[in-house]
Amino acid sequence: MKRIIAWSALILSAFMTTIPVVGNDEDVTRLTLEHTDGTQSHFNLADEPQMIIDGDSLVIKTSTLQTSVERAGLSHFHFTVGPVSAVSEVSCDVYTVSYSGNVLEVSGNVEGVLKVYDMDGRQVANFVALDGSAVADLNVLAPNIYVVAIPGKPSMKVLVK
């Protein structure tokens with residue numbers, strides 16, 4: 001696995017030096033992670049993603065985000081060409097997450113309760129998903145970094161300013 005990561009880093013560095021800056025309506029080369037559940041995650045190579053193995057997890061870091069994926073949940077990764085997605089909105093086959101002005105909106109196939117935790121692991125807020133979507137106004141929280149647990153989806157960190 002380390003050999004695969006080393007080769008992917010070499011390939012990534014070669015791609016990153018040749019990708020021009022493009023507008024949001026043009027296609028770019030992306031790193032695509034194929035999950036065992038059939039979903040995909042995309043990372044624009046212009047964002048210079050770093051892949052790091054941390055125990056049983058694969059951590060993907062860019063200048064604007066960090067996400068962790070269980071290695072057992074990945075079938076493979078490859079490079080694809082697709083549209084640039086805005087940092088403030090991330091879409092996938094099942095749901096959409098938008099975060100702007102300390103308001104997190106999750107829509108699509110979402111059911112249950114979004115739970116917000118502080119960095120000490122204490123639950124500090126709940127937001128109920130109705131009709132497949134939820135709006136979490138995090139302005140009620142003190143400025144800090146929080147973890148939002150979305151039922152059936154990967155958790156994410158958000159910065160409340």
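**Entry 1: a strand pair.** I started with V59, whose bridge partner in β5 is S68. Strand β4 (residues 57-61) runs antiparallel to β5, and five bridges join them. For my own reference, strands are DSSP runs of E, at least two residues long, numbered from the N terminus, and two strands pair if DSSP finds at least two bridges between them.

**Ground rules.** I have to remember that this is a predicted model, where local features need pLDDT of at least 70, side-chain atom pairs count only at pLDDT 80 or more, and totals for chains, interfaces and linings use all residues. Residues are numbered from 1 along each chain as its sequence is written, and side-chain values use heavy atoms, with hydrogens and water left out.

**Entry 2: the sheet.** I then looked up the sheet as a whole: three strands in the order β3-β4-β5, open, with antiparallel pairing. From one strand to the next, the twist averages 25 degrees (axes are lines fitted to C-alpha atoms, and angles run from 0 to 180 degrees between N-to-C directions).

**Entry 3: salt bridges.** How many salt bridges does a search of the whole structure find? I get two, counting a side-chain nitrogen of Lys or Arg within 4 Å of a carboxyl oxygen of Asp or Glu. D118 meets R122 at 3.0 Å, N to O, and D120 meets R122 at 3.2 Å. That links D118, D120 and R122 in a network. The cut-offs are under 20% relative accessible area for buried, over 50% for exposed and partly exposed in between, with a 1.4 Å probe and protein chains only.

**Entry 4: H35.** I found H35 in strand β1 (residues 27-35). H35 is buried, at 13% relative accessible area. Leaving aside neighbours within four places in sequence, H35 contacts Q40, S41, V69, G73, L74 and S75 (contact means heavy atoms within 4.5 Å).

**Entry 5: M156.** M156 lies in strand β14 (residues 156-160) and is partly exposed, at 22% relative accessibility. Beyond four places in sequence, its contacts include V97, L104 and Y146.

Technical notes: Helices (H or I, at least four residues) and strands (E, at least two) are DSSP runs, numbered from the N terminus.
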